Amino acid sequence: MYIPRIPLRLQESVTYFEKSIQILPSYTQAYQNMGLALEELKQFDKALGVYQRGISTDPEYSPLIYNAGVLLFNQGKYTQALTFLQDA
């Protein structure tokens, strides 16, 4: 069965993205992909934390800012979301 393996593969990808970030902390795409994988795993607080770590690494990388804003918006945290989305 393929479907039960998807969360396992997503968790595996999170591990690899974390290793990538340890090797090259400025690799903003790894933060973005790791955050998206965590969102798929329904680990929203962790995803937001990853986005924020990435933003602190590169405050100009708008996909991270946008993803953080959309995540907060989807959680009903509109005021916080607006702060991110205005910066994206």
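The model is predicted, so local features need pLDDT of at least 70 and side-chain atom pairs pLDDT 80 or more, while totals for chains, interfaces and linings use all residues. Residues are numbered from 1 along each chain as its sequence is written, and side-chain values use heavy atoms, without hydrogens and water.

**Exercise 1.** Compare the span of α4 with the expected span.

Helices are DSSP runs (H or I, at least four residues), numbered from the N terminus. Helix α4 covers residues 62-74, which is 13 residues. The expected span is 1.5 Å times one less than the number of residues. From first to last C-alpha, α4 reaches 18 Å, close to the 18 Å expected.

**Exercise 2.** State how α2 and α4 are oriented to one another.

Axes are lines fitted to C-alpha atoms over the stretch in contact, with angles from 0 to 180 degrees between N-to-C directions. The axes of α2 and α4 come within 10 Å and cross at roughly 20°. The two helices are therefore roughly parallel (angles under 35 degrees). Contact (heavy atoms within 4.5 Å) involves, among others, Tyr-31 and Leu-36 of α2 and Leu-64 and Leu-71 of α4.

**Exercise 3.** Classify Lys-42 as buried or exposed, and describe its backbone.

Buried means under 20% relative accessible area, exposed over 50%, and partly exposed in between (1.4 Å probe, protein chains only). Lys-42 has 60% relative accessibility, so Lys-42 counts as exposed. Lys-42 lies in the loop between α2 and α3. Its phi is positive, about 65°, although Lys-42 is not a glycine.

Conventions: Parallel < 35°, antiparallel > 145°, perpendicular 65-115°, else oblique.
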